[in-house]
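Subject: Structure handover

Hello,

Here is the structure you were waiting for, with notes on what turned up in it below. Please keep the sequence open while reading.

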Amino acid sequence: FVRMLRRAKKRDILQLLSKAPEEMAPFFVEAAVAAQSVPSLAALSDYLDFGKAPGSLLETFLYAAAFSPRPSTELLTLVLDKLQGKQLPPELQETGIVVVGSLVGKLCQQGLCGSPEASRGAETLLRGLAHSGEAMPAYLTALRNAALPAAVPALLRHAEHGPAATATLAVAALKTLPAQHISSEVRSVMRRILHQTRKGYEKTCRLAAADVLLGTEPLPMDVINILLATKELEAEMATLLHTKVQSILRAEHHPARRIVKDVMRDPRINNYYSFPQAGLSSAFTGPLAATRDLLSTFGLELLFAEGGLLRKSISDFSLFSHGHRLHVAEVTLEAQGMESLLGENGPEGEEEPELTAGMSAAFFNVHMRPVVFFKGYTDLMAKVLLSSGEPTSVVRGNLLLMDHHQVIPLQSGLQVVVKLQGGLGLDISANMDVSIWEQDLKTSVNTRASLAVDFQAELDAPFFQTTLRSQTEAETAIHFDTALRFSESPVLMCLQLREDQVPYR
């Protein structure tokens with residue numbers, strides 16, 4: 001369909017979009033974005049009215065743009081023009097901000113960071129960050145996608161001095177920066193946050209700061225200080241950091257493994273006294289599938305509150321091949337303030353956090369707008385009483401992941417034209433079910449995907465023509481469920497990862 005649209009004229013594409021049945025319109029919009037021809041983008045500009053079109057269709061357009069493997073400057077201009085000066089629903093405006101960050105980041109990867117369009121997008125994000133108010137999480141997520149070195153001073157300011165939720169997101173945005181931009185100043189701020197040398201920080205923010213310090217190229221001094229500091233930390237934080245370090249040691253593909261291994265040779269650091277497993281929290285990474293050229297891994301990180309309730313879970317899927325990593329998916333479920341439902345008090349001297357639950361997700365290095373399940377006790381009760389039981393859709397659609405065209409001259413003087421396209425159908429939903437009466441909590445993240453790859457090589461000479469074609473299709477479904485029962489102590493918990501049969505053709 002994309003190949004057809006690339007040959008079509010604007011009026012034909014516009015007519016196709018205008019007359020499309022309601023259930024087919026999202027597919028046509030996704031295909032028109034993937035085509036990225038001048039006529040297809042012009043047709044989309046005329047067709048999409050951000051003042052009148054359904055929000056679901058506009059969100060389809062925005063996410064199709066965000067996941068484009070090699071977006072053009074014209075696509076970024078179209079997104080910015082559609083968002084500028086419009087009174088949009090908050091969710092749609094925030095999605096647009098996040099998508100601008102993804103497009104700017106991908107243009108910079110193509111060496112187009114200095115282009116007027118990318119500069120305009122970066123200025124929009126940095127300007128918005130200074131005056132964002134309630135949209136602050138969206139701007140910080142956008143800068144996480146963009147990975148702009150120019151944003152480092154602003155991110156450090158928000159990380160060190162912002163409120164708890166803002167500080168955690170700002171630290172997470174710093175974590176996505178390439179290793180060469182994790183400067184001594186960034187490390188100094190992360191140390192102050194982790195060790196709370198100037199003021200107190202929320203535990204998820206401190207753990208995020210430790211992640212930055214333990215990143216691609218950690219300093220041995222930081223690894224040592226983090227491990228020594230665990231003796232003074234809360235049991236759950238200390239346990240999570242210990243298991244994270246042990247997970248790095250077990251993961252042969254982890255870039256920090258050698259440095260951590262050298263540190264752990266010191267018996268003053270690596271001993272039973274330093275590594276007692278006092279808490280429930282855990283982190284591990286293990287292989288899902290391995291071939292000679294490709295390693296697929298699943299990682300899970302669980303942080304518990306001191307009372308035994310699940311505070312945060314991160315499930316991660318990655319692909320490793322010949323020294324490269326593709327971050328396929330990351331889903332984070334987070335709940336805080338749940339102790340108040342059980343009549344428990346938080347640690348002494350700490351302000352009681354607001355009862356909140358939500359999730360955030362990233363796919364193919366694109367971080368999406370966070371989803372809030374409920375905020376506050378009143379909102380929770382309304383959701384419990386009015387809940388339809390239906391899962392919340394995180395992302396659903398079709399993405400053109402691979403789009404490669406290359407001409408290879410042969411020694412004989414002939415030329416081979418190579419074309420490679422890969423499309424992904426993705427449907428990810430999540431659900432959190434809290435029962436006050438049964439005193440249990442259930443979460444589920446369901447991921448269904450189908451991948452189709454079309455490879456074609458053509459040799460065209462005056463006296464003969466030959467074509468080699470390969471088509472590959474695969475489907476998969478992965479379900480990650482957690483169940484907690486807090487009607488008694490200790491809290492009972494069950495984790496389940498289920499993978500359906502994988503048809504491959």
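R311 is buried, because its relative accessible area is 7% and buried means under 20%, exposed over 50%, and partly exposed in between (1.4 Å probe, protein chains only). Its salt-bridge partner is E334, the closest N and O atoms being 3.1 Å apart; a salt bridge here is a side-chain nitrogen of Lys or Arg within 4 Å of a carboxyl oxygen of Asp or Glu. The pair links distant parts of the chain, with R311 in strand β3 (residues 310-321) and E334 in strand β4 (residues 324-336), 23 residues apart. Helices (H or I, at least four residues) and strands (E, at least two) are DSSP runs, numbered from the N terminus. E334 is partly exposed, with a relative accessible area of 27%.

This is a predicted model: local features need pLDDT of at least 70, side-chain atom pairs count only at pLDDT 80 or more, and totals for chains, interfaces and linings use all residues. Residues are numbered from 1 along each chain as its sequence is written, and side-chain values use heavy atoms, with hydrogens and water left out.

Other salt bridges:

- D316 pairs with R325, with 3.5 Å between the closest N and O atoms. D316 is buried at 13% relative accessibility, whereas R325 is partly exposed at 47%.
- Salt bridges that share partners join K175, D211, K244 and E301 into one network.
- E234 pairs with K203, the closest N and O atoms being 2.9 Å apart. E234 lies in the loop between α14 (220-229) and α15 (235-250) and K203 in helix α13 (residues 203-213), so the pair ties together parts that are 31 residues apart in sequence. K203 is buried, at 15% relative accessible area, and E234 is partly exposed, at 24%.

A search of the whole structure gives 23 salt bridges.

As for the chain overall, its secondary structure comes to 17 helices and 12 strands. Buried residues make up 48% of the 505 residues. The radius of gyration, taken over C-alpha atoms, is 24 Å. A compact globule of 505 residues would have a value near 23 Å, so the two agree; the globule rule is 2.2 Å times the number of residues to the power 0.38. Along its principal axes the C-alpha trace spans about 80 × 55 × 45 Å.

UniProt, in an unreviewed entry, places the feature "domain: Vitellogenin" at residues 1-231; its positions are given in the numbering used here, feature names are shortened, and annotations may be inferred rather than shown by experiment. Over residues 1-231 the chain is 69% helix and 0% strand.

Regards
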